[in-house]
Amino acid sequence: MAGSEALAQGGGVEGAHRTDGHPEASRRDFLKILTLATGAVAVGAIAWPFIDALNPTRDSLSLAKPIVNIGGIAENTALRFVWLDQPIYIRKLTAKQIADNQFIVPSTLPDPANYTDRVKPGYETFVVVVGLNTGIQCELEGNDPSDSRGPFDGWLCPCDGSVYDPLGRLRSGPALKNLAIPRFTFLNDTQIQFG
Ligand code: FES
């Protein structure tokens with residue numbers, strides 16, 4: 001007795017394919033797919049709020065990558081703000097400070113660095129540093145012209161005697177490194193974005 005006949009009579013032969021388009025099997029397949037699809041959608045609907053909660057909010061994104069307006073910074077002063085729990089100084093240099101520091105031979109410095117290593121091309125009048133003494137990690141003095149700045153008109157730790165120039169390069173004292181430079185980009189002449 002041929003296979004299809006056996007099936008037609010409800011015998012059922014192992015591994016045989018129904019070529020007669022029997023509705024039972026296709027309905028079962030359809031129901032299986034439908035069940036799987038519905039399950040997937042349900043899991044997705046339940047999981048999405050948790051996944052979405054992992055996305056940084058707009059507020060946390062703006063904290064992580066703040067935009068700072070530098071348009072109001074007067075020459076010879078520095079703006080101070082806190083980013084990632086660190087004091088950041090944005091200083092506007094005077095022509096004299098640029099002239100005094102532009103051609104210092106790096107090898108004469110405790111932590112050699114060129115002028116161009118400390119400023120961004122096209123924005124050479126601005127210096128952006130982390131305002132922490134690289135020795136004892138204290139916050140430095142020198143943002144305001146009336147502060148004690150040391151012999152190089154930069155920043156100073158009057159306690160341990162570490163002295164930095166207006167580019168944040170170490171000039172003398174127990175510290176070993178220049179002031180750190182955070183990650184930032186000039187968006188335009190009056191805005192800097194950090195991060
Ligand atoms: S410890 Fe640096 S300012 Fe006092």
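**Entry 1: the sheet**

Which strands make up the open sheet, and in what order do they sit? I looked that up before anything else, keeping in mind that this is a predicted model. The open sheet has 3 strands, ordered E1-E9-E8, and the pairing is antiparallel. At its edges I found strand E1 (67–69) and E8, each of which pairs on one side only.

I then zoomed in on E8 and strand E9 (residues 191–194), which pair in the antiparallel sense over 4 bridges. In that region, asparagine 188 stands opposite glutamine 191 in E9.

**Entry 2: aromatic pairs**

How many aromatic pairs are there? I got 7 aromatic pairs. One of them is tyrosine 89 with tryptophan 155, a stacked pair at 5.8 Å centre to centre with 25° between the planes. I traced where these two sit: tyrosine 89 is in strand E3 (residues 86–92) and tryptophan 155 is in strand E5 (residues 155–156), so the pair links distant parts of the chain, 66 residues apart.

Are these two residues buried or exposed? Tyrosine 89 has 0% relative accessibility, so I put it down as buried. Tryptophan 155 is buried as well, because its relative accessible area is 0% and the cut-off for buried is under 20%.

Next I looked at tyrosine 123 and phenylalanine 186. Their ring centres are 3.9 Å apart and their planes are at 0°, so this pair is stacked. Tyrosine 123 lies in the loop between helix H5 (115–118) and strand E4 (126–130), while phenylalanine 186 belongs to strand E8 (residues 184–188), so the pair ties together parts 63 residues apart in sequence. Tyrosine 123 counts as partly exposed because its relative accessibility is 21%. Phenylalanine 186 is at 11%, so I noted it as buried.

Which residues form an aromatic cluster? I listed Phe81, Trp83, Tyr123, Phe126, Phe184, Phe186 and Phe194 as one cluster. Tyrosine 123 and phenylalanine 186 from my last entry are among them.

Definitions and conventions:
Residues are numbered from 1 along each chain as its sequence is written. This is a predicted model: local features need pLDDT of at least 70, side-chain atom pairs count only at pLDDT 80 or more; totals for chains, interfaces and linings use all residues. Side-chain values use heavy atoms; hydrogens and water are left out. Rings of Phe, Tyr and Trp (its six-membered ring) pair if their centres lie within 6.5 Å; planes under 30 degrees apart count as stacked, over 60 as edge-to-face and the rest as tilted. Buried means under 20% relative accessible area, exposed over 50%, partly exposed in between (1.4 Å probe, protein chains only). Two strands pair if DSSP finds at least two bridges between them.
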